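Dear colleague,

Please find below the structure that I am handing over to you. My notes on what was found in it follow directly after.

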Amino acid sequence: MNKSLYWKNRLAFLLTNFVCMLALTLFLIICGNTVSSIALILILWGFILAIGMGSTYWKRKRQMQVLLTMADQLSERYLISEIMELPEQAEDQVYYQLIKMAGKSMLEQIGSVRRERLEYKEYIEQWIHEIKTPITAMKLLCENRRSEFTKEFLTELEKTNHFTEQALYYARSEYTEKDYSVREICLSDVIHQAIADNKYLLLRNNMKVTISNVDHTVFSDDKWVRFILNQLIVNAVKYRTEHPELAFNVRRQGDQVMLYVEDNGIGIEACDLPRIFEKGFTGQNGRTTQNSTGIGLYLCKRLCDKIGIGISADSCKTGTTLCLTFRINHFVHEVQD
Amino acid sequence: MNRYKIMVIEDDPVIQGELRALLEGNGYVTAGAEDFSSVIETVKKEKPHLILLDIKLPGESGFTLCSKIRIFSDAPIIFVTGCSTDMDELNSIMLGGDAFITKPYNSAILLAKTASLLKRAYPAQQAGQMAYGGAVLHLEASVLEYEGRRTDLTRNEQKILYYLFKNAGNICSRPDITEFLWDNQLYVDDNALSVNINRIREKLAAIGLKNFIKTKHRQGYTL
């Protein structure tokens, strides 16, 4: 509470008191009182006024302070109207009612926005369900009629499928509920699946793929990991050099299993490296190549954060290494509990 | 050879047609469901060895059908679906499904799953060997035999020979062979393929098979 403003607001009341004091003094002089008795009355008046106003100020200040700390401790500040008590003063009660009304309409708004978002997410999931049918049909049509043309077509279909998956996982990552199930998965299976998902893309770009020492099991959701690997593969193809190579390799260190995805592409500038997981960040490579969206790695990071996988990147002129870190003990204990 | 019959229960006519074409192209007999109100009767009549079942169907869902089929049949059931949630996957296992594949399925994975489920459900029907021009390829032992002489093959070499044997008489292009190897999780590039073919030729020459694999200029290889 602003002290000087508070006293400025009380100025009219103090002035009234002063005028009353003057009038009383005049009246008492006319009545023929002595100066000392008049002074005593005035001092007494001033004293009572000061105590009264001081204590009111102190009480108000404390009340306001309580409200402020209460609001401060709330994580959702707009809920303050729900927990504050009905004030005693008439004007305060009007403000109280106003806050209540505002809070209620705010809650209604939030509720409807949440509902809309949920509906939209459900729509997106359903849409992706629907679009998979024609994609599957096209894929089968192509695979039953193999030619140079269908291979190109299948590459494009892989991209289409990747983008739809991206939309699905974006919708899933936005929402706070759990859309995954953690179980024991074999990393080599997931890696083989991710490569199979991008078979035509990799073959067309003559990507040399090596897989070494990947027979490790971790506790995670295979579909999420597969999506993340898909994204890393697509990136490796996008930022490739003339003789592209891609290596998957797993190392175990204590209770951590690290999956390294290494390419020999154009690499990431050191100054860009700390920001590659930010949404919409495309960096130096984004300016030189056309189709960087700044979504892919951002989404990977979000999914990793949700499911408890560590993700980090390292890069030099001769390529980029992405590292996914799975913790074993952490999840095993949770599953067993 | 006793050919397996696979039933495709899928409401999208294009997918059903193409899936059956794919399976027939790989040596299976197929049957489809046209009338979705009497799927169970069709299954009873056709007696398939394996069933591919979509979850979202007009009328009864794939889950309901699965539990109904399980009453009278033990044939492996593979669920295929567009958007899989964990509940769907759990349901499919609870109701007696054997595998779960999400659209758009990789045809190689679909065929591999089909083959492995059939092998598990109906064991020991295949001899596991292929023959062409006097040479016999033993798949299990990964050995090539010619006039009593044998040579061991690596996994890459065995798969390349398997593909050539399977398409014996036809020309197999280098990209097709590479793709087949990739489907078998062997990520071989163009150079490595040449190296492998040369090594196979050396091994074949050592057991007396000369000019078994012929190169068709700019087209590929053939037996």
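Chain B is divided into domain 1 (5-121) and domain 2 (129-222), with bounds that come from an automatic or database domain assignment. Taken over C-alpha atoms, the centres of domain 1 of chain B and domain 2 of chain B are separated by 34 Å. Along its principal axes, the C-alpha trace of chain B spans about 60 × 30 × 30 Å.

Two remarks on conventions apply throughout. This is a predicted model, in which local features need pLDDT of at least 70 and side-chain atom pairs count only at pLDDT 80 or more, while totals for chains, interfaces and linings use all residues. Residues are numbered from 1 along each chain as its sequence is written, and chains are lettered from A and ligands numbered from 1 in the order in which they are written.

Chain B as a whole

The secondary structure of chain B comes to eight helices and 11 strands; helices (H or I, at least four residues) and strands (E, at least two) are DSSP runs, numbered from the N terminus. Of the 223 residues of chain B, 29% count as buried. A residue is buried if 20 or more other C-beta atoms lie within 10 Å of its own, exposed if 12 or fewer, and partly exposed in between, with C-beta atoms placed from the backbone. Among contacts in chain B between residues at least 6 apart in sequence, 55% join residues at least 24 apart; two residues are in contact if their C-beta atoms, placed from the backbone, lie within 7 Å.

Leaving aside its neighbours within four places in sequence, Ile51(B) is in contact with Met7(B), Ile9(B), Ile69(B), Ala75(B) and Ile77(B).

Where the chains meet

On the side of chain B, 25 residues are in contact with 24 residues of chain A. The elements of chain B that give two or more residues to this side are helix H1 (13-25), helix H5 (107-121) and helix H7 (174-183). H1(B) gives the most, with seven residues. The residues on this side of chain B divide into 12 nonpolar, six polar and seven charged. Here Ala, Val, Leu, Ile, Met, Phe, Trp, Tyr, Cys and Pro count as nonpolar, Asp, Glu, Lys and Arg as charged, and the others, Gly among them, as polar.

Chain A: annotated segments and strands

UniProt, in an unreviewed entry, places the feature "transmembrane region" at residues 12-30 and 36-58 of chain A; its positions are given in the numbering used here, feature names are shortened, and annotations may be inferred rather than shown by experiment. Residues 12-30 of chain A are 100% helix and 0% strand, and their end C-alpha atoms lie 27 Å apart. Residues 36-58 of chain A are likewise 100% helix and 0% strand, with end C-alpha atoms 32 Å apart.

Strand S2 (residues 208-212) of chain A runs parallel to strand S4 (residues 245-253) of chain A, and five bridges join them; two strands pair if DSSP finds at least two bridges between them. Eight bridges join S4(A) to strand S5 (residues 256-263) of chain A, and these two run antiparallel. Leu246(A) in S4(A) is the bridge partner of Val209(A), and Leu246(A) also stands opposite Asp263(A) in S5(A). The hairpin of S4(A) and S5(A) has two residues between the strands, and in it Gly254(A) takes a positive phi near 60 degrees.

Local backbone features

Asn206(A) has a positive phi of about 50 degrees although it is not a glycine. Asn206(A) lies in the loop between helix H8 (199-204) and S2 of chain A and counts as partly exposed, because 15 C-beta neighbours lie inside 10 Å.

In chain B, Ser142(B), a residue other than glycine, has a positive phi near 60 degrees. Ser142(B) is placed in the loop between strand S7 (135-138) and strand S8 (143-146) of chain B. With 16 other C-beta atoms within 10 Å, Ser142(B) is partly exposed.

The peptide bond from Lys103(B) to Pro104(B) is cis, with omega near -10 degrees. Pro104(B) lies in the loop between strand S5 (99-102) and H5 of chain B.

Yours sincerely
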